[in-house]
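Please look over the sequence and the structure below before turning to the briefing.

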Amino acid sequence: MRAPSRKSREPKVDLSVRIGPMELRNPVLTASGTFGYGDEYAHVVPLPSLGGVITKTVTLEPRAGNPPQRIAETAGGMLNTIGLENVGLLRFRSEKLPRLRSLGAVIVASIGGETPGELERLLGALGGEPGIAGFEINFSCPNIARGGARYWAVPRRLERTLARLRPLTRGAILAKLSPDVTSVGDLAIACEQGGADAVTAVNTFVGMALDLARRSSKLSRATGGLSGPAIKPLALQRCCEAARAVRIPVIGSGGILSGLDALEFMAVGAAAVQVGTASFIRPRAALQVLEEMEAFLRERGVRRIDDWRGSAMPSGDAVDEDPGRKPGLRAVTIVRADRSPRNRRGVRSPAFSRGRESRRA
Amino acid sequence: MTVAVSAWRQVRGRVDQQADFGAGHRWLELRVTAELEPPDPGQFIQLLIPSHASGAFLPRPMSVASVRPLRDGLMLGFLYVPIGVGTHALAALPAGAEVEALGPLGRGFPLDRPGTPVLVAGGRGVAPLLFAAESLARLGRRFELLFGARDRAHLVGLDEARRRVAGRGRLHLSTDDGSAGIKGTVVEALDRLSPRPDHPMVIHACGPHAMLAAVARWAAERRVTAWVAMESVMACGTGVCRGCPLARSARGRAAFGSQPPSLLGNRDYAMCCTEGPVFDSRDLDWERIE
Ligand SMILES: Cc1cc2nc3c(=O)[nH]c(=O)nc-3n(C[C@H](O)[C@H](O)[C@H](O)COP(=O)(O)OP(=O)(O)OC[C@H]3O[C@@H](n4cnc5c(N)ncnc54)[C@H](O)[C@@H]3O)c2cc1C
Ligand SMILES: Cc1cc2nc3c(=O)[nH]c(=O)nc-3n(C[C@H](O)[C@H](O)[C@H](O)COP(=O)(O)O)c2cc1C
Ligand code: FES
């Protein structure tokens, strides 16, 4: 529980962040697919106190999702193959959106499509809806046969698609990336060039778990997406890599359970964070992350979250520096597959550093 | 199309006591704070075992087997079998240990339907039915309790069951080996209850999957309504993660129309945690549920 009386006497920490056109009161958002359409948890989490609510990915048509078994617990995490079960565009607009608006949430609608054209139709339909502050484009679902993480892990496709989506809304556009790619940094650059306002790094990691008695997958599909604290170190690295590659804000996601976890992501350059699987364990997890974050910063006399952001960005490169890039540049990749000239357009002047957010003002 | 406003909360709980209950079963008494609404029979709680005590990461769903009001909260009773990492960790918790409780969750047995309630319990499935029997007895309703297990030793909670039926109901035992009650399954025990046309029976069942499927078949052949408490692997328990689908039958799809309240599921799948765990047996596709 919060204790407003005590807090008001202490200096407040300015937690506000800007993501493209969105001015968020704090950097803690709920991750898509882990907070329903926002109203399921509203009786225990006052939604306006969160930075934002990212809704379950909606598709043009409703989806029934994959057959059971859809989830399997693993060490420190869980695998899921939900298969993007969702109510579809029409019901989202007529039923979910009005409800969420009435709850006073900052709404970020997650949309997913199998083709650029599908995303255009979705954003065309929702782009002008009042009360939606931004859109997160799910370029990274590991659990669908078409239009999933693999299809979208092509820089050129991402860039072109985002360029087509950009004119369709004045809200923020967030591009959510998969970690299972050769270089998250390269994909982030493509998103930036396509006109995205921010990049979310990352979605779940593809994983497997077997039932030895049946000698088959525990899930109804061979693979699922791994989430939870098990992926935090991996996600942190992907987030750091993305933050070093682009000037637009990066939103960290993956295994965040506590305020300290969130501060790690922000210290490597994330402008905001998402709380996912943690909400299944404690529905109030996002609020707790926020409270812990604030308390930690206050104790250390950090007045503004901006002063914290990027404060621990590694300066030397522990990972392979791309030999094709000019020395001294901050963009790093682990392994490079695509050396098309287009990729290099993401390389910026060495003057820019430290994941500072450039679009402010 | 309206969904009942969720009333669940996550509250602190403390192990009051735990004891062996025979045949590898445990009885847990958990003291929870007053913000938790009193559960109904058939509803469940997500028990969050402290992470330092367990390798379990997600909470574990558990049916409520008894509820006792306290001055400052509730005493919840659970009957469970330690089978894996979470339930073994739970079994090792001493009195005083903290276990967070999220609930009450799901929809319980509709005990108020007209007709004689016939409670059918198999093995540890007796847990929610002990609670149902207690509620019926308190309401002064007459009921039948059919309780079956492998053998006498596995009729765990038999004394509890006896106490709850006292005066109000009749207890019918069955065991596979005939060491208690009739020799045979609970379905054979059901056969011996001749349905009275003037006073229809309504079945409320919980037990292993094969037993529930057999009860569903039995009920369908006799045009008796059977409510069955199902299980599924779960993550959230609140309808959010979409991890606990159960396939609907054609009847189930028709009953729900094309747009069921999304919290409950979709046309093809019901969510076990929100629409269930108790279902009308005709609404599920038993061929497609493992
Ligand atoms: C609504 C509901 C009510 C239940 N009531 C009871 C009860 O009263 N008494 C009791 O003993 N058990 C009950 N169970 C089953 C109980 O939740 C599982 O036995 C428990 O989750 C196993 O956890 P574990 O860590 O010990 O096993 P593990 O095998 O290590 O668990 C691994 C994973 O599988 C899941 N899992 C394994 N078995 C089951 C199962 N049968 N049902 C659902 N998930 C499972 C676990 O939740 C976990 O995610 C109930 C389940 C549900 C869904
Ligand atoms: C059950 C489940 C469903 C999810 N559904 C979606 C989804 O619909 N769209 C999406 O972009 N991400 C989805 N995700 C991914 C999360 O939003 C998040 O990025 C990921 O789980 C990593 O963060 P975490 O470890 O904090 O959960 C889902 C994750 C889980 C566990
Ligand atoms: S367990 Fe999450 S929807 Fe049922």
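## Ligand surroundings and a sheet

The shell around ligand 1 divides into 12 nonpolar, 5 polar and 4 charged residues, where Ala, Val, Leu, Ile, Met, Phe, Trp, Tyr, Cys and Pro count as nonpolar, Asp, Glu, Lys and Arg as charged, and the others, Gly among them, as polar. This is a predicted model, in which local features need pLDDT of at least 70 and side-chain atom pairs count only at pLDDT 80 or more, while totals for chains, interfaces and linings use all residues. Residues are numbered from 1 along each chain as its sequence is written, chains are lettered from A and ligands numbered from 1 in the order in which they are written, and side-chain values use heavy atoms, with hydrogens and water left out.

**Ligand 1**

- Ligand 1 lies between chains A and B, and 21 residues surround it, of which Arg60(B), Pro61(B), Leu79(B), Gly86(B) and Thr87(B) are the closest (a residue is near if one of its heavy atoms lies within 4 Å).
- β5 (60-63), β7 (73-80) and α1 (85-91) of chain B each supply at least two residues of this shell, and β5(B) gives the most, with 4 residues (helices, H or I, have at least four residues and strands, E, at least two, as DSSP runs numbered from the N terminus).
- Among the polar contacts (pairs of N or O atoms within 3.5 Å), a polar side-chain atom of Thr87(B) lies 2.3 Å from an oxygen atom of ligand 1, and a polar side-chain atom of Arg60(B) lies 2.8 Å from an oxygen atom of ligand 1.
- Taken alone, ligand 1 exposes 830 Å², and the protein buries 85% of that (areas come from the Shrake-Rupley method with a 1.4 Å probe).

**Ligand 2**

- Ligand 2 also lies between chains A and B, and its shell has 8 nonpolar, 15 polar and 2 charged residues.
- An N or O atom in the side chain of Ser253(A) is 3.0 Å from an oxygen atom of ligand 2, and a polar side-chain atom of Asn138(A) lies 3.1 Å from a nitrogen atom of ligand 2.
- The protein covers 98% of the 600 Å² of accessible area that ligand 2 has on its own.

**Sheet in chain B**

- An open sheet of 7 strands in chain B runs in the order β12-β11-β10-β9-β13-β14-β17, with mixed pairing (two strands pair if DSSP finds at least two bridges between them).
- β12 (182-183) and β17 (278-280) of chain B stand at the edges with a single partner strand each, so one side of each is left without a neighbour in the sheet.

Technical notes. Polar contact = N/O pair within 3.5 Å; in protein donor to acceptor, adjacent residues only side chain to side chain.
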